[in-house]
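Reader: I am new to reading protein structures, and I would like to work through one slowly. Could we look at how its helices pack and at a few single residues?

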Amino acid sequence: MTPRAEIARNEAFFRAVNEGIAEASERFESAEAEFLCECGDANCMHRIEVPLEEYEAVRDHSTRFLVRRGHVEPEVEEVVRRRRRYAIVEKVDRVAARIVKQLNPRRPRPA
């Protein structure tokens, strides 16, 4: 597996974990939640407090992720929005973008 593909798979894994966190937070009617950093480092366990409304806005784009500030992988992604403690990044590498789209848990399933 190429390093870019590995980064994409790691980010997709953390996104899937965060989907469960978002679902639980919504059930408890929380306005925000503590999500895992969705960076490409498989060993990263940093947490990021994000309003659920912003989390949902990120999930509207299958190639966007929440990462702790300083955890951006410039060879595969660019920052689209900076916040105090985190950034929203978008995949610009074609291979990485294709992988994260395929692994998107919200991807519409064929009928």
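Author: What follows is a set of questions and answers on this model, which is predicted.

Reader: How are α1 and α3 oriented to each other, and what are the angle and the distance between their axes?

Author: Two packed helices are described by the angle between their axes and the distance between the axes. Angles under 35 degrees count as roughly parallel, and α1 and α3 are therefore roughly parallel to each other. For helix α1, residues 3-27, and helix α3, residues 94-102, the angle is about 30° and the axes are 9 Å apart.

Reader: Which residues of α1 and α3 meet, and how many of them are nonpolar, polar and charged?

Author: From α1 come R4, A5, A8, R9 and R15, and they meet A96, I99 and V100 of α3. Sorted by class, the contact of α1 with α3 has 3 charged residues, no polar ones and 5 nonpolar ones.

Reader: Is the crossing of α1 and α2 left-handed or right-handed, and what is its angle?

Author: The axes of α1 and α2 come within 11 Å of each other. Their orientation makes α1 oblique to α2. The crossing of α1 past α2 is left-handed, and its angle is roughly 140°.

Reader: Which residues make the contact of α1 with α2, and how many of them are charged?

Author: On the side of α1, the contact is made by R15, N18, E19, A22, S25 and E26, while α2 contributes L52, Y55, E56 and R59. By class, the contact of α1 with α2 has 3 nonpolar and 2 polar residues, and the number of charged residues is 5.

Reader: Where around the axis of α2 do its buried residues lie, and what arc do they cover?

Author: In helix α2, which spans residues 52-59, the buried residues are L52, E54, Y55, V58 and R59. They lie on the same side of α2, because the arc that they cover around the axis is only 160°.

Reader: Which elements do the buried residues of α3 pack against?

Author: The buried residues of α3 are A96, A97, I99 and V100. Seen down the axis of α3, they fall within an arc of 165°, so they line one face of the helix. The elements that these buried residues pack against are α1, β3 and β5.

Reader: Is M1 buried or exposed, and which residues is M1 in contact with beyond its neighbours within four places in sequence?

Author: M1 is found in the segment before α1. Residues over 50% relative accessible area count as exposed, and M1, at 71% relative accessibility, is therefore exposed. Leaving aside neighbours within four places in sequence, the contacts of M1 are E6 and R9.

Reader: Where does E29 lie, and what is its phi?

Author: E29 is placed in the loop between α1 and β1, and with a relative accessible area of 72% this residue is exposed. Most residues other than glycine have a negative phi. E29 is not a glycine, yet its phi is positive, at about 55°.

Note on methods. Residues are numbered from 1 along each chain as its sequence is written. This is a predicted model: local features need pLDDT of at least 70, side-chain atom pairs count only at pLDDT 80 or more; totals for chains, interfaces and linings use all residues. Side-chain values use heavy atoms; hydrogens and water are left out. Axes are lines fitted to C-alpha atoms, for helices over the stretch in contact, and angles run from 0 to 180 degrees between N-to-C directions. Helices (H or I, at least four residues) and strands (E, at least two) are DSSP runs, numbered from the N terminus. Angles under 35 degrees count as roughly parallel, over 145 as roughly antiparallel, 65 to 115 as roughly perpendicular and the rest as oblique. Contact means heavy atoms within 4.5 Å. Ala, Val, Leu, Ile, Met, Phe, Trp, Tyr, Cys and Pro count as nonpolar, Asp, Glu, Lys and Arg as charged, and the others, Gly among them, as polar. Buried means under 20% relative accessible area, exposed over 50%, partly exposed in between (1.4 Å probe, protein chains only). The arc is that of the directions from the helix axis to the C-beta atoms. A crossing is left-handed if the near helix is turned anticlockwise from the far one by less than a right angle, and right-handed if clockwise.
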